[in-house]
Amino acid sequence: MLISSWCFSQKKITYYADVAPILQNNCVECHHVGGIGPFPLTTYENVAKRAKFIAKVTDSRYMPPFRADLSFQRYANERGLTAEEINTIGEWVKQGAKPGKVSKKSIAEKRAGKLEPTLVGTSWLEFDMANSYEVKGTGKEDFRYFNLPTHLEKDVYVKAIEFKVGNRKVLHHSRLMTDTTRTMRGIDGMAEADPRVAEFQKTPLEEQFLYGWVPGNDRIDFPRGTAKRIRAGTDLLLNMHYAPSSIDEQDRSGVRFYLTDSASVEREVRTLTLTESDITNQPFVLPAETKPTFYMSYGPTQQDVSLISVLPHMHFLGKTFRAFAITAGGELIPLVKIDEWDYNWQMTYQFRELLHLPRGSTIIAEATYDNTSQNPENPNQPAREVTYGWDSTSEMMNLVLYYVPAREGDTKK
């Protein structure tokens, strides 16, 4: 440690030579203009004015955030800095957070867009809410549907999906769905509690869950050779949950699709969503002053599939979450394990390789909750009985999996 510190003190640490590469590889995916991070970290000016803060949150390992247990499963989108990277940032701040020289390589990278968020593919489509929506400052939660027509003249294949958060101060979470009938346009702007919503919900949707945005979630990148197909004439549906606000706020959110050529798509991505109806120890009720555990089960599966990613979801009472699969032969396949649930940092965990799930497998999830008055995250004080609901004072238990039909060569474990 003494030798390491001495070496750092002898070397001049600069932004362009030493710090920018660390941030580019670990931070700007979230911290870019329009990203899920609260501010961009793509320029020296952005970083220098927050230098001490960045050093503090990286030294404590609060940033970059990553809640999954890596001894249980590994992921392609893992976050985290090495001890050397943390020391580099800290020493840079101690030396005065100097910019250093902008090398030819730095200029070339900036011109190529490498100091901006890494965009997947060479083309993309953006779809935004038609108008800004005013979230009234009534102190009440607001649930709304918005319809975003794509006007696509032909099918497109999407290799990555990124949600564009309009106003992160009031957006609690959002669910993206697709409608190919184009009969649901009248739902635009409608409150979820509106009696007319029930009529619209009778329409079968092409995708009940195309993508979900929750605090901390970022872009989903599908593996090479796989993509989601969006059919010609599709309308996008946003189910938006706005948190209580004491003042009027405006929101205009949207979605960005990164495209790939249909000729490169070998398998279409599908979605499996486990919800509260899959809980085996019903009912999903959390009595006041209790710490219950709930279990979900799905299967046995009817075909061989290969998993791309896993997204667990709970609200503020959640404490731990674990999901795994058991094959017909009794083999355990780890999916995700979170020992300290944090509502503010939820992710779609993308497996390093396609994870093969043989036919006859059963997916199991278990989640623990703390509905006591001693839980500082409990939105109800004193604690009261809690059941299912989208609002933040209720609870949920979801597990969303992206997958493709399996083929030879996919990872067996």
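This is a predicted model: local features need pLDDT of at least 70, side-chain atom pairs count only at pLDDT 80 or more; totals for chains, interfaces and linings use all residues.
Trainee: How are the helices H4 and H5 turned relative to each other, roughly parallel or roughly antiparallel?

Mentor: Let's start with how such a pair is described: two packed helices are characterised by the angle between their axes and the distance between those axes. Here H4 covers residues 51-59 and H5 covers residues 83-94, and their axes lie 9 Å apart at an angle of about 150°. Angles over 145 degrees count as roughly antiparallel. H4 and H5 are therefore roughly antiparallel.

Trainee: Nice! What is the handedness of the crossing where H4 passes H5?

Mentor: Look at the two helices in the structure above, one passing the other. The crossing of H4 with H5 is left-handed.

Trainee: Which residues meet there, and how do they divide into nonpolar, polar and charged?

Mentor: From H4 come Ala 51, Lys 52, Ile 54, Ala 55, Thr 58 and Asp 59, and they meet Ile 86, Ile 89, Gly 90, Trp 92 and Val 93 of H5. Sorted by type, the residues of this contact are two charged, two polar and seven nonpolar.

Trainee: Staying in H5, is Thr 88 buried or exposed, and which backbone oxygen does its side chain reach?

Mentor: Thr 88 sits in helix H5. Buried means under 20% relative accessible area, so Thr 88, at 9%, counts as buried. At 2.9 Å, its side chain reaches the backbone oxygen of Glu 84.

Trainee: Where is the cis peptide bond with omega near 0°?

Mentor: For this one, go to the loop between strand S20 (362-369) and strand S21 (386-387), where Pro 382 is found. The cis bond with omega near 0° runs from Gln 381 to Pro 382.

Trainee: One more, please: what is the phi of Ala 97, and is Ala 97 buried or exposed?

Mentor: Ala 97 lies in the loop between H5 and helix H6 (104-111). Its phi is positive although the residue is not glycine, with a value near 50°. Its relative accessible area is 10%, so Ala 97 is buried.

Conventions:
Residues are numbered from 1 along each chain as its sequence is written. Side-chain values use heavy atoms; hydrogens and water are left out. Axes are lines fitted to C-alpha atoms, for helices over the stretch in contact, and angles run from 0 to 180 degrees between N-to-C directions. Helices (H or I, at least four residues) and strands (E, at least two) are DSSP runs, numbered from the N terminus. Angles under 35 degrees count as roughly parallel, over 145 as roughly antiparallel, 65 to 115 as roughly perpendicular and the rest as oblique. A crossing is left-handed if the near helix is turned anticlockwise from the far one by less than a right angle, and right-handed if clockwise. Contact means heavy atoms within 4.5 Å. Ala, Val, Leu, Ile, Met, Phe, Trp, Tyr, Cys and Pro count as nonpolar, Asp, Glu, Lys and Arg as charged, and the others, Gly among them, as polar. Buried means under 20% relative accessible area, exposed over 50%, partly exposed in between (1.4 Å probe, protein chains only). A polar contact is a pair of N or O atoms within 3.5 Å; within protein, one must be able to donate a hydrogen and the other to accept it, and residues adjacent in sequence count only if both atoms are side-chain atoms.
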